[in-house]
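The sequence and structure come before the details.

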Amino acid sequence: MFLASAALVVGMAILAYFVSFSSVHSQQVDLANLVSYESAVQVVRLVAYDSRSGTAWLLLRRLDETPRNFVLLIEVDGEFLECESVYVFDELRDTNGLVCDGADGDCVVACSFYSGRVSSRDVFVWTRDGPMPLYDYLRRQAPELVSPLRIPHPSPAAGYRTRNVVVGVRLSELEASGLRVYLGVDYGGTIHVARIYEVNLS
Amino acid sequence: MRPRRGTSNLIIAVLVMTAIAVSLPSLFLYVYAGRVRQEVRALSYLEVEDRARYVDIDAVAVVDRDVLEVVLWNRGGREVAIEGVLALSSCGGERAMLRLTGSPEVLGPGSVYHLTVDLASRGCGVDGVYVVTSEPRVYSARLYNADMIEELAPPTGGEFGPPVSTIYVLVPVEVRTAPWEIAGVLGDAGFVLAMPDSSTSPSRLTLLDGYGALAGGMNSASGRWVSQSNYTDVTLSANRVEVRNVFLGYDPRDPSRYVLLVTNDGPIGLGIGGSSVTLCSGYSATRVKVYGFASGDQRGIVLVEGDSSRFGSGRWVKRPDQDVANLTFLNNRNRGRITLSGRAERVEVYCFVVGQARESGYAPYLLLMNTDGSRRAGVLFTTIDVVYGWSANRNDLSGSGVALQDYSARPLALVYRRLAIDNNATKAVLVSLNYRFHDNEGEDFRGATVDRPVLILGLVDEEGRVLSYRSFTFRELTRYEDTYPPAAQAQSALALIPLPPAESVGYRRLYVFIIIQDPYLYNTGNTNLDDLDLTVYVESLAVLLFE
């Protein structure tokens, strides 16, 4: 009787462990696959850098056409930009052929989509060794808080003819040598950085 | 108290099972997750690389006062979608990015896209133009302003030199006169007949006055070819007539008509002008050349019967084959049959006369034709009359035992005089030759004891001195043909001949020459060797000058 009870308890414990382990691990697999996938399908290109106005024009593009919004962080010479420095060109509002001239409302500041801040310890950068908090990844240069940018994907259903997003980044430092774009994905409310692009401005 | 043996075994079993149960799922998930991750990464990476690799856009932007011209050229091999053209600008003192195009444009390979933008209406100047493709890639256009271009433009007076290279097509030739007037066609095309000092390694070529020498120059093993008769504008028919070989091409003046050369070791019975005629009756061999043949039979040009593995129970030939040997040795070692019906502009008949006189002209051996239906003529030269042989028996032996080997006692040497190449202005000459070759030696090079040139290409100066040449010998040519079943593969060759500079050898005017010949009769020690006959079809001969 004692042995039968002990075997039942052990069996139940193994089953509970297995269910719990499978659930946690399948989430990890899903996340790992998502990050890996996003690292390959999100692309950033530098269109032009206007050194006179200190504006870098970037192109964001998803190669898979999935209507998933962009989540990114932009770092210029060690400082992470706030959402006020980033403008998103809205081609549907453009009436004069001038990108982000402010005359026709075709330039939307990134804060209008999202303006929160998060701890750099809650943003994970995926490296070869697995996910690592941004704070640890950047080591001594790490700020406590960073401002993620959330930029909507241009939906063809809404009338967008291209699937590119043109972003103007106003650099306060005109002598900036380059910027880093941390492309990420939101998973369960946590930002995971899938790929980091280095954009040379010099 | 010691536990019983059964209890301890059970506890050990439970512990082992627990260990396995705990480790298995994690091991499985670890392996599975790693594999999936790698596959996703590899596939996506390859896709991205593949999409970007073959895109090649050349973008040029020119600002001419108040107008911006953008030219995009897709230099790659695949379609490119241009998703946008942007220009970094200054508009009314403000920095701005101009959007020059809104909707995507698809550029095919090699195509060019023009864009003109009026800058005056926007009051903008342009500092940079950027092209965004769907890959996406961003191309920065080379930006010029008109002032820069005016400075770079050549002054009037044409001081720019000649182009780097110029190509001249010598063959196929244009046929302005009747194609049976071989001398007239070649002469009109710019070729002058010449005589080399050696048929194997020419060092000098003597230009001849006219084409009279074509009346001779060919020798045969046991006799000569004589012209028996010519017919003009006649009906022509053949009903299962026995023949050995047929060479078929398009008439160079009219692709709806055809030219034929039919050979047989014996007479050929045809219906000509409504009468049955036995051509070359009593002679050992016959060659019939037909020009301007228009078939009256809806089924095709000529019905050939022979080797069933090639022609089945008989096959109507509907168009000339590019392989000029396709209708040779119709029934392998035996005679085949042809059937045709139509109208011919001209029929020439040559008969082989056995005797001590052995010299013939080139006319029976040459046919000006093409195999692509163009209105120009290549040169077909054939000495094949009957059938193939091997190294242990005689090639081209007639059924009655007459040896029909032919060879060129004097090669057909042609100098193209319409193009004088000046070593003062030209640094090198590239001669290009497209040709077909077929022979009747079943053992190919093993049937020949010596290797002799069949084709020679080169340059000769105004005084007849050969500057350089490239020869195509039998052993080289026979590698790319099959005697039976007959196949004359398409061959091409390039010969680059650098010219000696005028500073070192003086000023020289050079001309391209080509020599065509059958250099083999037979070996007097063993007549089964070197007894080959052959077919050469010069499809094209072109010259590229590097100036």
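What percentage of the 547 residues of chain B count as buried? In chain B, 50% of the residues are buried, that is, under 20% relative accessible area with a 1.4 Å probe and protein chains only. This is a predicted model, in which local features need pLDDT of at least 70, side-chain atom pairs count only at pLDDT 80 or more, and totals for chains, interfaces and linings use all residues. Residues are numbered from 1 along each chain as its sequence is written, chains are lettered from A and ligands numbered from 1 in the order in which they are written, and side-chain values use heavy atoms, without hydrogens and water.

| Property of chain B | Value |
|---|---|
| Secondary structure (DSSP runs; helices H or I, at least four residues; strands E, at least two) | 6 helices and 36 strands |

Of the contacts in chain B with a separation of 6 or more, 75% join residues 24 or more positions apart; contact means heavy atoms within 4.5 Å.

In chain A, 5 strands form an open antiparallel sheet in the order β1-β2-β13-β5-β7, where pairing requires at least two DSSP bridges between two strands. Strands β1 (42-50) and β7 (107-109) of chain A stand at the edges with a single partner strand each, so one side of each has no neighbour in the sheet. Within the sheet, β5 (residues 86-89) and β13 (residues 164-170) of chain A pair over 3 bridges, and A:Tyr87 has A:Gly168 in β13(A) as its bridge partner.

A:Pro133 lies in strand β10 (residues 130-133) of chain A. Its C-alpha atom is 6.3 Å from that of A:Asp122, 11 residues apart along the chain. Leaving aside neighbours within four places in sequence, A:Pro133 is in contact with A:Ser120, A:Arg121, A:Val123 and A:Phe124.
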